[in-house]
2 protein chains.
Amino acid sequence: MRLSKRGEYGLRAMIDLATWEGGSPIVQIKDIAEREHIPAKFLEQILLTLKNAGLLHSKMGVGGGYYLAKTPDQISLGQIVRTLDGPLAPVRCVSQMAYEPCGCPDEQTCGLRMVMFDVRSAISDVLDTTSLADVALRMESGGA
Amino acid sequence: MRLSKRGEYGLRAMIDLATWEGGSPIVQIKDIAEREHIPAKFLEQILLTLKNAGLLHSKMGVGGGYYLAKTPDQISLGQIVRTLDGPLAPVRCVSQMAYEPCGCPDEQTCGLRMVMFDVRSAISDVLDTTSLADVALRMESGGA
DNA sequence: CATAAAATCTACAGACATAATAGAGTTTAT
DNA sequence: ATAAACTCTATTATGTCTGTAGATTTTATG
């Protein structure tokens with residue numbers, strides 16, 4: 001049930017971009033890497049993936065960098081995690097975004113599937129309803 | 001966020017043991033393997049792990065097999081998953097059973113940690129409050 | 001006692017995923 | 001022209017996952 005480093009770094013970087021008050025909204029890879037203690041070349045790949053998923057925009061060349069593709073309240077943590085770590089569902093037969101049959105004779109009466117459906121819902125209830133703006137707010141107010 | 005095959009097979013086997021009505025409560029590896037379509041030698045390791053964790057008892061020799069160490073209502077799915085797949089927490093800094101610091105400068109104000117704490121709670125709210133007896137009940141009543 | 005059924009234990013192997021690292025290429029401001 | 005910055009592809013090292021193999025121990029039973 002664990003989040004990969006890729007997912008963790010990606011979330012940290014996006015939260016950094018949503019909360020960084022250092023002036024312009026455009027930020028360089030190496031600055032995020034330094035602030036968040038992430039290997040720069042690894043972060044490079046991660047941000048590129050997030051860009052290709054439409055969550056980030058970028059500007060090349062001198063003075064370039066990354067910035068959020070939408071306002072922080074429009075980007076959910078669920079989108080970020082799915083982009084970097086794949087489906088939230090513990091088993092694919094309860095995935096909304098990437099369903100696959102899991103081979104049990106009858107999915108309607110499969111006990112495992114019923115419970116895993118609940119787990120999937122519980123996870124997505126948190127990650128899909130929490131935006132970067134929500135995270136920023138909680139950080140300011142010290143974690144309510 | 002996914003459940004390993006080991007975890008899936010272990011859960012299926014435990015649910016099988018909790019619901020099997022074929023006569024005696026003691027069941028052989030190969031019977032479970034056949035019913036649940038699990039490679040027998042792999043299941044062997046899994047059941048041994050569950051036994052060493054105190055969730056199963058066994059009897060060697062002719063007429064032997066495995067049986068639940070407690071009644072189905074006393075075994076939660078959380079115990080099974082933790083035994084086979086490790087901590088439920090997405091990141092170790094929010095794990096109850098296996099806490100480790102994750103290196104953020106201040107855990108109290110770490111946005112990622114706040115959210116992952118909620119995810120951990122959501123997962124354990126499902127898995128730690130659902131027993132094998134609960135699963136058996138839902139299977140009979142067709143999934144409420 | 002011999003035999004077969006069954007769990008126990010250890011080792012290993014192949015495939016895949018993870019977590020990076022490397023380096024060449026492209027775009028852009030100055 | 002130069003340097004800053006993103007882009008893209010490949011490669012590597014490590015580990016985990018999934019499973020297989022085989023030898024060992026325990027026990028019921030004829």
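Which residue of chain B comes closest to the rotation axis? Please keep in mind that this is a predicted model; in it, the residue of chain B closest to that axis is Met1(B), whose C-alpha lies at 2.3 Å. As for the axis itself, chain B can be laid on chain A by a turn of 180° with a shift of 0.0 Å along the axis, and the RMSD is then 0.0 Å. The two copies are thus related as by a two-fold rotation axis. The same surface serves both copies, in that 100% of the contact residues of chain B recur in chain A.

Let me describe the single chain before returning to the pair. Chain A has 6 helices and 2 strands, and, read along the sequence, these follow the pattern α-α-α-β-β-α-α-α. The C-alpha trace of chain A spans about 60 × 35 × 25 Å along its principal axes, and 39% of its 144 residues count as buried. Among the contacts in chain A with a separation of 6 or more, 59% are between residues 24 or more positions apart.

Now to the interface, where 33 residues of chain B are in contact with 33 residues of chain A. On the chain B side, α1, α4, α5 and α6 (132-140) each supply at least two residues, and α5(B) gives the most, with 11 residues. By class, that side of chain B has 18 nonpolar, 8 polar and 7 charged residues.

Helix α4 of chain B, residues 77-85, deserves a moment of its own. Its buried residues are Leu77(B), Gln79(B), Ile80(B), Val81(B), Arg82(B) and Leu84(B), and what covers them includes α5 (111-127) of chain A as well as α1 (5-19), α3 and α5 (111-127) of chain B. Just after α4(B), Gly86(B) takes a positive phi of about 85°.

Finally, the DNA. Of the 23 residues around DNA strand C, those that come nearest are Ser4(A), Lys5(A), Pro39(A), Gly61(A) and Val62(A). The elements that give two or more residues to the surface near DNA strand C are α1 (5-19) and α3 (40-52) from chain A, and α3 (40-52) and β2 (65-68) from chain B. The residues of that surface divide into 9 nonpolar, 9 polar and 5 charged. I will stop there and take questions.

Definitions and conventions
Residues are numbered from 1 along each chain as its sequence is written. Chains are lettered from A and ligands numbered from 1 in the order in which they are written. This is a predicted model: local features need pLDDT of at least 70, side-chain atom pairs count only at pLDDT 80 or more; totals for chains, interfaces and linings use all residues. Copies are superposed by least squares on the C-alpha atoms of residues with pLDDT of at least 70 in both. Two residues are in contact if their C-beta atoms, placed from the backbone, lie within 7 Å. A residue is near a molecule or strand if its C-beta atom, placed from the backbone, lies within 6 Å of it. Helices (H or I, at least four residues) and strands (E, at least two) are DSSP runs, numbered from the N terminus. Ala, Val, Leu, Ile, Met, Phe, Trp, Tyr, Cys and Pro count as nonpolar, Asp, Glu, Lys and Arg as charged, and the others, Gly among them, as polar. A residue is buried if 20 or more other C-beta atoms lie within 10 Å of its own, exposed if 12 or fewer, and partly exposed in between; C-beta atoms are placed from the backbone.
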